Amino acid sequence: VMEWFLLLLAGLFEIVGSLGINRTARHDNFVNNMILIGGFVISLTLLTFAMKTISLSTAYAIWTAIGTVGTAAVGILFYRESRDPFRLACIAGVLVCVLMLRIVE
């Protein structure tokens, strides 16, 4: 159970790292670079610990899905990115695929 919690946290820190990329692209400064680097270092460290008991394929798929869906949600909610129904359906598709992968694990 702890490894799944670490995997969730790893995915959330991947979102932080992705936000750091966006912030650095807009304003390249020390704080934004630390958000970018710190987010990804913490994320990858937690992913490594989670993979002690979770298989590579499942852990990586879930980690990237959390990052992908979470970053897309942040973009929609805070950066006025597109809410096109097809885009939302694709995001939902990512979630369905990862949930199915977890079920067959």
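Which residues in α1 meet α3, and which residues in α3 do they meet? Let's take that contact as our starting point, keeping in mind that this is a predicted model.

## Where α1 meets α3

On the α1 side, the residues are W4, L7, L8, A10, G11, L12, E14, I15, S18 and L19. Their partners in α3 are T58, A59, I62, W63, T64, I66, G67, G70, T71 and V74. By class, this contact of α1 with α3 comprises 12 nonpolar, 7 polar and 1 charged residues.

How are the two helices arranged? The angle between α1 and α3 is about 45°, and their axes lie 8 Å apart. The two helices are therefore oblique to each other. The crossing of α1 past α3 is right-handed.

## Where α1 meets α2

Now turn to the other partner of α1. Helix α1 covers residues 2-26 and helix α2 covers residues 30-50; they pack at an angle of about 160°, with axes 7 Å apart. Angles over 145 degrees count as roughly antiparallel, and α1 and α2 are therefore roughly antiparallel to each other. The contact of α1 with α2 contains 15 nonpolar, 8 polar and 3 charged residues. Here α1 passes its partner α2 in a left-handed crossing.

## A closer look at α1

How far does α1 reach from its first C-alpha to its last? The distance is 36 Å for its 25 residues, close to the 36 Å expected at 1.5 Å a residue.

Which residues of α1 are buried? They are L6, L7, A10, G11, E14, I15, G17, S18, G20 and T24. These buried residues of α1 pack against both α2 and α3, the latter spanning 56-78.

## The chain as a whole

Stepping back, the chain has 4 helices and 0 strands, and its elements run α-α-α-α from the N terminus on. Its C-alpha atoms fill a box of roughly 40 × 35 × 15 Å along the principal axes.

Of the 105 residues in the chain, 31% are buried. What share of the contacts with a separation of 6 or more comes from residues 24 or more positions apart? Such pairs account for 65% of those contacts.

Methods:
Residues numbered from 1 in each chain as written. Predicted model: local features only at pLDDT ≥ 70, side-chain atom pairs only at ≥ 80, totals over all residues. Heavy atoms only, no water. Axes fitted to C-alpha atoms, helices over the stretch in contact; angles between N-to-C directions. Parallel < 35°, antiparallel > 145°, perpendicular 65-115°, else oblique. Left-handed = near helix turned anticlockwise from the far one by under 90°. Nonpolar A, V, L, I, M, F, W, Y, C, P; charged D, E, K, R; others polar. Expected span 1.5 Å × (residues − 1). Buried < 20%, exposed > 50% of the residue type's maximum accessible area, 1.4 Å probe, protein only. Contact = heavy atoms within 4.5 Å.
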